[in-house]
Amino acid sequence: MTEEGTRGKLGRIGLWVVTVAFAVPMILAGSTKFFASATWLPLFESWGYPPSLSYPVGALEIAGAVAALVPRYATYGAALVAAIMVVAAGTLLLHPGELTPTVPIVNVVAFTTIAVARAKDRRKS
C-alpha cells in the first residue's frame with residue numbers, strides 16, 4: 001500500500017471514529033428532550049422559546065446524528081446538527097446560567113468537520 005493510500009485509509013478510520021464519538025452522544029442528548037422533558041421544558045421557557053420546541057429540537061438532533069452515521073446522508077446530517085448547535089451556543093451565550101456554550105461550540109466544530117469531510121468524499125466518488 002502506498003503512503004497516500006495508508007493516509008487515506010487512516011483518515012477514513014479517523015473520520016468514522018470522530019463521527020461515532022460525536023453522533024452517539026448527540027443521539028442520547030436529543031433523546032433527553034423526550035425522556036427528561038421536566039428538565040428541558042423549563043430551560044427552553046427560560047431562554048424565551050416555547051417549551052414544546054424542545055421536542056422538535058430533540059427530534060432534529062437525533063435525525064441529524066443518525067444521518068451523520070450514514071455515508072450517503074452524512075454531509076446533510078452533520079450540517080443539520082452543526083446548525084442546531086450554533087443556535088444552542090448562541091442561546092447559551094445570551095442566557096448565561098448553569099449550562100455553558102462550550103459543548104455546543106465543540107459540537108459545531110466537530111460536526112462541521114464531519115460535514116466537510118463527507119462532502120469531499122462525495123465529490124471523489
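Q: Is serine 54 buried or exposed?
A: The relative accessible area of serine 54 is 0%. The cut-offs are under 20% for buried, over 50% for exposed and in between for partly exposed, with a 1.4 Å probe and protein chains only. Serine 54 is therefore buried.

Q: What kind of model is this?
A: Residues are numbered from 1 along each chain as its sequence is written, and side-chain values use heavy atoms, leaving out hydrogens and water. Local features need pLDDT of at least 70, side-chain atom pairs count only at pLDDT 80 or more, and totals for chains, interfaces and linings use all residues, as the model is predicted.

Q: How many helices does the protein have?
A: Helices (H or I, at least four residues) and strands (E, at least two) are DSSP runs, numbered from the N terminus. The pattern along the sequence is α-α-α-α-α. There are 0 strands, and the number of helices is 5.

Q: Which helix holds serine 54, and which residues does serine 54 touch?
A: Serine 54 belongs to helix H3. A contact means heavy atoms within 4.5 Å. Residues up to four places away in sequence are not counted, and the partners are Lys33, Trp40, Leu41 and Phe44.

Q: Are H2 and H3 roughly parallel or roughly perpendicular?
A: Helix H2 (residues 37-46) packs on helix H3 (residues 54-68) at about 115°, with axes 10 Å apart. The axes are lines fitted to C-alpha atoms, for helices over the stretch in contact, and angles run from 0 to 180 degrees between N-to-C directions. Under 35 degrees is roughly parallel, over 145 roughly antiparallel, 65 to 115 roughly perpendicular and the rest oblique. So H2 and H3 are roughly perpendicular.

Q: Which residues of H3 meet H2?
A: On the H2 side stand Ser37, Trp40, Leu41 and Phe44. Their partners in H3 are Ser54, Tyr55 and Val57.

Q: How far is phenylalanine 34 from serine 54, C-alpha to C-alpha?
A: Phenylalanine 34 sits in helix H1 (residues 3-35). It is partly exposed, at 34% relative accessible area. With neighbours within four places set aside, phenylalanine 34 is in contact with Tyr55, Gly58, Ala59 and Ile62. Phenylalanine 34 and serine 54 are 20 residues apart in sequence, and in space 8.0 Å.

Q: Which residues is glycine 64 in contact with, beyond four places in sequence?
A: Glycine 64 is part of helix H3. Its relative accessibility is 1%, so glycine 64 counts as buried. Its contacts are Gly77, Ala78, Leu80 and Val81.

Q: What separates the C-alpha atoms of alanine 110 and phenylalanine 22?
A: Alanine 110 lies in helix H5 (residues 102-124). It is buried, with a relative accessible area of 7%. Along the chain, alanine 110 and phenylalanine 22 are 88 residues apart, yet their C-alpha atoms are separated by 7.4 Å.

Q: What share of the contacts with a separation of 6 or more joins residues 24 or more positions apart?
A: The pair of alanine 110 and phenylalanine 22 is 88 residues apart along the chain. For the protein, residues 24 or more positions apart account for a share of 59%.

Q: What part of the 125 residues is buried?
A: The C-alpha atoms fill a box of roughly 55 × 25 × 20 Å along the principal axes. Glycine 64 and alanine 110 are among the buried residues. The buried share is 32%.
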